[in-house]
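Hi there,

Here is the structure I promised to pass on. Have a look first, and my notes follow below.

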Amino acid sequence: MDPRMSLRRLAGPALSLAVAAGAAAAQAGPLHLLHNGTDVLYAGVGAGGATTASDGVGTWIDGERLRGNTLTALGDFGYRNPSFIAELCHTGAAQTLEFPTIVFVELDGLNANRPDIFLKPTCGPGGALPGITSGGFLPYGTTPGASASFFLLPLGSGSSIPSTAVLPLIPNHGLLPASGGSATLIAAASGNLAVASTGLCWNVEFTWLPTSLPSLDHIDGWWYWAQNGSSGSQYWALSNDELNAFQSHTVGTLAGQTQLAQFFSNVELGLTLTSSDAVTHTTLAPTGFHQDGAFVCLPVTGPNTGFDIGRHQAVSLSGLGGATNAVTGLATQDPAAVPGTVVPSLGFATWVPGGLGASGMRTVFVQVDWDGVFGLPPDAGTEVTVWGGPSPVRLPVDVPSSGPAVWPQPITNQFLVPLLHDAGTVHPLCTGPVLGLAGVTPPPVFGVTVQLPLASVTPVCQLGVPVFLSYGSVGVTDTLDDLLFDPAQAVVSGSGEILVID
């Protein structure tokens, strides 16, 4: 075992069948969506092509998307993950869903605002992002002095994974050579699940026992890895109409782990996390080019009839910046890929745990993360604790250590009222991702803000760098005259980050 690889806690997962062929799912908490719905299967991703049973697929979850604002069992602020949902399909007659190895690895020790492998974009001429090819690939970076972006991770005897399991691929975040990075195996699972039908697509929800899987604060990120099954007909489900403006965070191996499988920016693995706390997502228009992404038909206030929820690493003000979708030949957020008139827009949606507050009214704190803009570490700023006692709670945005000194920022104050939304609303859905959301009884409860048009906003790359926005939501009283921070009344959501480019 590499000396920078350590075991913090291994959670024993309980396999529960969440959904089959579009039926409703039992979800353990608010959804933390990492894609906008299953679209495709690819030969070589799980089965077919050059893949073998010793290969697998992994995906990166940025640490700035895993910033929780309540205490965890680790004694610090952090993200709490009660379950995750893996999506897969069988094209053959196999009646067993196989999970030979699933691992979660927490990487830390480097500057998450200047990552080495999964890069943050820089501004180029006309909104183009340097390094992106015409096909939509953004090459992965390397740690200074290293020769490889990824390597195979020795699990060691304490991992509880069968000795027959293959070594998972993980990103080299400063691990080789030693440059301050660390990798901690925080959870591992292995098992098979018998099913009664064949030739279907499935969502399998893994629930961590005895409690949620926690993250440390201000980590680089989590890496999820799943080894292929042995049937030769079990494929990992993918989305191929993501609005990722610069890079896919999904990576696989081929040919017995001798080749790396890289994906276009518009492709992500079908994986969804849940959270013990409220989750606030960015909502973008246009939707994915399939027009069957998350909540594409949901009525909202704004210039369009719906929006997209997914990875959303960045938002292009014009829709024309960033990487190209290899299927359409257009930028991933280009309105031309969507039938009808679409205005690029940005909004927010919040899921809350049940039973917290009668009205569910919330607003969004959004601000420029100047530490992100200037590449300073995420923990350089000053965090603001707004509720004490045995359950301290902090704001989802902090006081940056750089940039203008005025705080709260004018952008925060400007949008507190426009971004009011009712997270206790039961929304009718036209379509949803393959998570059982369409047709759920009762329908899901979450809140949606107005969609803010972006076309008139000054292109940020005139500044020479993308603008980092940090955000999260808090409760509001029924009379809309005060904010709620008592977690017994309304939980503070986890924090998120999105980059603004053009």
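**Strand β24 and its partners**

In β29, Trp-351 has Phe-446 as its bridge partner. Please keep in mind that this is a predicted model. That pairing is part of a set of 3 bridges between β24 and strand β29 (residues 446-448), and the two run antiparallel.

β24 has other partners too. Strand β22 (residues 279-285) is joined to β24 by 7 bridges, again in antiparallel fashion, and here Thr-282 sits opposite Phe-348. Strand β30 (residues 452-453) is linked to β24 through 2 bridges, also antiparallel, with Leu-346 facing Leu-452 across the pair.

So how much of β24 is buried? For residues 345-351, the count is 7 of 7, so the strand is largely enclosed by the rest of the structure. Side chains in a regular strand alternate between the two faces of the sheet. In β24, Ser-345, Gly-347, Ala-349 and Trp-351 point one way, while Leu-346, Phe-348 and Thr-350 point the other way, and all of them are buried.

Now for the chain as a whole. It has 33 strands and 2 helices. Of its 502 residues, 60% count as buried. If you take the contacts between residues at least 6 apart in sequence, 82% join residues at least 24 apart. The accessible surface of the chain is about 17,100 Å², and carbon and sulfur atoms account for 59% of that.

Happy browsing, and do write back with your thoughts.

Best wishes

Technical notes: Residues numbered from 1 in each chain as written. Predicted model: local features only at pLDDT ≥ 70, side-chain atom pairs only at ≥ 80, totals over all residues. Heavy atoms only, no water. Helix = DSSP H or I, 4+ residues; strand = E, 2+ residues; numbered from the N terminus. Buried < 20%, exposed > 50% of the residue type's maximum accessible area, 1.4 Å probe, protein only. Contact = heavy atoms within 4.5 Å. Areas by Shrake-Rupley, 256 points an atom, 1.4 Å probe, with all protein chains shown as cover. Pairing = 2+ DSSP bridges.
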